[in-house]
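Subject: Handover of a protein model

Dear colleague,

Please find below the structure that I am passing on to you.

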Amino acid sequence: MQRTTAAPAQAPRPPEAGGAVVRHGRGGMRQDGSMPDSATARAHDVVLRHIEDSLRSGALKLGDRLPGERALAEQFGISRASVRDAIRALEVMGVVRAATGSGPNSGTIVVSDPSAALGVALRMHVASHHLPVKDVVEARIMMETWSLEHAATAAWTPEQLDDARRLLTAMDDDALPSQIFTLLDAQFHVALSALAGNIVVSTMMESMREAIRGYIDDAVARRGGWDKAVSVLRGHHHGIFDAVEARDGELAARLVREHIEWFYAQSL
């Protein structure tokens, strides 16, 4: 990467009372290797832009390992702390996985886990009450009904339905605690929605389910009457599954809408 030409050096200003002159070296660094506060965000961004450009061009692919902190710091003329900030941001985004130690799984590896990143972001905004749970539920209904309608004509195979079938069978276990049931329930709905073949919709579905699952668990524990509710939910699930398997998109969409609206009326 071509570096910009440094501005002509200026004579250092006298230190303020009780302070010391901060001298900067290559890339705007202080002599101790750290970046001035005003430059930290810029240093962080240059690494993110480089990773994005490399992914877009194909220079970086899933499974590739990023250079180490020191190599990236030297490449961009920034501090290792700024590199660590960028790597942490990429981890939160679900773009890389960082692991210490040695071996094939060590270092910073390019991955793809967008639903986890979106789920964390949505969950935080739901917690702040900026995104009402009611609105998240409505958005979920729109996407899930669309998915099941389109799944009726999508080119999926019976084997692709097996994931949802296994989850359906697992949820029929009377001994399941409510929290395990709601986890399997979330996976069941995502598995059915995935049959439409739209990865963006599937990712958003998984993110929204994750964003409000904690609220669902709390509501179930607070309201009680789980044994009666779970019996109704199992019946709903079997009806939805049968409609999807029969490729009846209109029926599947209507049943899933009724199912979601019933559940949230009971629990939230």
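In which loop is the place of H129? H129 sits in the loop between α4 (114-127) and α5. Helices (H or I, at least four residues) and strands (E, at least two) are DSSP runs, numbered from the N terminus.

Before going further, please note that this is a predicted model, in which local features need pLDDT of at least 70, side-chain atom pairs count only at pLDDT 80 or more, and totals for chains, interfaces and linings use all residues. Residues are numbered from 1 along each chain as its sequence is written, and side-chain values use heavy atoms, with hydrogens and water left out.

Overall layout

The chain has 10 helices and two strands. Read from the N terminus, its elements follow the order α-α-α-β-β-α-α-α-α-α-α-α. The chain has 268 residues, of which 38% count as buried. Buried means under 20% relative accessible area, exposed means over 50%, and partly exposed lies in between (1.4 Å probe, protein chains only).

Most residues other than glycine have a negative phi. H129 has a positive phi, near 70 degrees, and is not a glycine. With a relative accessible area of 67%, H129 is exposed. R247, in the loop between α9 and α10, is not a glycine either, and its phi is positive at about 60 degrees. R247 is partly exposed, since its relative accessible area is 34%.

Helix α3

Helix α3 covers residues 80-92, and its 13 residues should span 18 Å at 1.5 Å a residue. The expected span is 1.5 Å times one less than the number of residues. The end C-alpha atoms of α3 are 19 Å apart, which agrees. Which residues of α3 are buried? They are S82, V83, A86, I87, A89 and L90. These residues lie on the same side of α3, because they cover an arc of only 160 degrees around the axis; the arc is that of the directions from the helix axis to the C-beta atoms. After α3 comes G94, with a positive phi near 80 degrees.

E144 belongs to helix α5 and is buried, at 0% relative accessibility. Its side chain is joined to that of H189 by a polar contact of 2.4 Å. R234 is part of helix α9 and is buried, with a relative accessible area of 14%. The side chains of R234 and D174 make a polar contact of 3.3 Å.

Residues brought together around L161

L161 is in the loop between α5 and α6 (162-171), and its relative accessible area of 2% makes it buried. The C-alpha atoms of L161 and A194 are 9.6 Å apart, although 33 residues separate the two along the chain. V244, in helix α9, is 83 residues from L161 in sequence, yet their C-alpha atoms are 9.0 Å apart in space. V244 is buried as well, with a relative accessible area of 4%.

Cavities

How many cavities of 30 Å³ or more does a search of the whole structure find? The search finds two. On a 1 Å grid over the protein atoms alone, a cavity is a set of points where a 1.4 Å probe fits but cannot get out, and lining residues have an atom within 4 Å of a point. Grid points are joined across faces, edges and corners, and a volume is the space filled by probe spheres set on the points.

The largest cavity has a volume of about 90 Å³. Its lining includes R140, D185, H189 and Y264. Helices α7 (178-193), α8 (199-223) and α10 (249-267) each contribute at least two residues to this lining.

The second largest cavity has a volume of about 40 Å³. Among the residues that line it are W156, V244 and R247. The elements giving two or more residues to this second lining are α5 (133-151), α9 (226-245) and α10.

Yours sincerely,
A colleague

Methods. On a 1 Å grid over the protein atoms alone, a cavity is a set of points where a 1.4 Å probe fits but cannot get out, and a pocket is an open set with protein on both sides within 12 Å along at least five of seven lines; lining residues have an atom within 4 Å of a point. A polar contact is a pair of N or O atoms within 3.5 Å; within protein, one must be able to donate a hydrogen and the other to accept it, and residues adjacent in sequence count only if both atoms are side-chain atoms.
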